[in-house]
Amino acid sequence: MENIKISVIVACYNVEHYIEQCLSSILNQTYTAIEVIAINDGSTDGTFKVLDRLSKTDNRLLIVNQSNEGLSQVRNNGVLLAKGSHIVFVDGDDWLDANCLFELMSKSLNQELVCCSYNRVFLDAIKVRKLNLEGVFQASHIQRRIIGLTDAELNDPSQADSLVTAWGKLYNSNIIKRNNLKFIDTKIIGTEDALYNIQYLQFCNSVFVIDKPLINYRKFNVTSLTSNYKSSLFNKWKILYSMIYDVVTIKDNKFEIAFNNRVCLSIIGLGLNESLNKDGFFIIYKRLRTILNDPLYVAAFKKLELKYFPIHWKFFFFFAKFKLIFPLQIMLFGIKKMINKA
């Protein structure tokens, strides 16, 4: 293949019902100077059979079959194989708008990273994730935004992780390879994308943000936290935050505030995770108390300003800030119930 501009790395694990739609949406892009590296990560369903069949239909599609190593290593392995000047990561159960790669590439001149918005696809609805950002930004601004929200951004806490994903982005291959950037295993830090993007942006000057949904993110389970209780999540996120803080310490005060706010807002995710604990109400109470008494959380909540939050979130974070566990727990169960109805 000649003139490969974009290497699309597709992570495939037990996606036999979705992978054909995913790959079709990539191979039928209006932008055609691509290679597609689809990595089957030890799937136990019929994913590989579908991949093998599709590989015979388009010579731009490379299939890699490996034992199960996890999403982080799938992406790292894909980068090693990538020949394109740019890299896009896609999950095997998602799909792209027909003009996605064209629009990303059209904004890449003089930009080291291009980001786009996305659709969240539920069983019975599609919801657009607006980023509330559009155009060219200094890389440090986007990096700070990924680390955490500040000031009026706290009006919408749901935006805390809207920019953290590895998918929905066009990366410069040289930056990744020259600086040996790698995704860290989720078994260590709980989530790989935020840290990867924060580290990548250390080597960037500017970023273009397209506040238009070009990716369809299949979210039949509203959040991964609603399916299985993760007893180690709190400790993993503390490791993640220590790694993020290594970046924050060389930045300015706004980064410090953003970091503290990220820690505080994480009580939403941690709380929802704890609400899945089958050991019962009082064990959940004790776990939440342990989290909020942790020195990292005590220090962060001391600095949290409540004035920017909408009224319901003011109550939520007031309860967390002053360790009023019982009303916090009641609100978490209410949030969980609302999520399950979405």
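**Aromatic rings and helix packing**

Modeller: Both F89 and F183 are buried (under 20% relative accessible area, with a 1.4 Å probe and protein chains only). This is a predicted model, in which local features need pLDDT of at least 70, side-chain atom pairs count only at pLDDT 80 or more, and totals for chains, interfaces and linings use all residues. Residues are numbered from 1 along each chain as its sequence is written, and side-chain values use heavy atoms, leaving out hydrogens and water.

Colleague: How many aromatic pairs are there in the whole structure?

Modeller: The search finds 22, a pair being Phe, Tyr or Trp rings (for Trp, the six-membered ring) with centres within 6.5 Å.

Colleague: How are the rings of F89 and F183 arranged?

Modeller: Their centres are 5.2 Å apart and their planes lie at 85°, so the pair is edge-to-face (over 60 degrees). Since F89 is in strand β4 and F183 is in the loop between α6 and α7, the pair ties together parts 94 residues apart in sequence.

Colleague: Which residues do ring pairs link into a cluster?

Modeller: The cluster consists of F89, Y171, F183, Y196 and Y200.

Colleague: Now the helices. At what angle do α5 and α8 pack?

Modeller: The angle between α5 (residues 139–147) and α8 (residues 193–201) is about 160°, and their axes are 9 Å apart. That makes α5 roughly antiparallel to α8 (over 145 degrees).

Colleague: Which residues make the contact?

Modeller: From α5 they are A139, I142, Q143, I146 and I147, and from α8 A194, N197, I198 and L201 (contact means heavy atoms within 4.5 Å).

Definitions and conventions. Axes fitted to C-alpha atoms, helices over the stretch in contact; angles between N-to-C directions. Helix = DSSP H or I, 4+ residues; strand = E, 2+ residues; numbered from the N terminus. Parallel < 35°, antiparallel > 145°, perpendicular 65-115°, else oblique. Phe/Tyr/Trp six-rings, centres within 6.5 Å; stacked < 30°, edge-to-face > 60°. Buried < 20%, exposed > 50% of the residue type's maximum accessible area, 1.4 Å probe, protein only.
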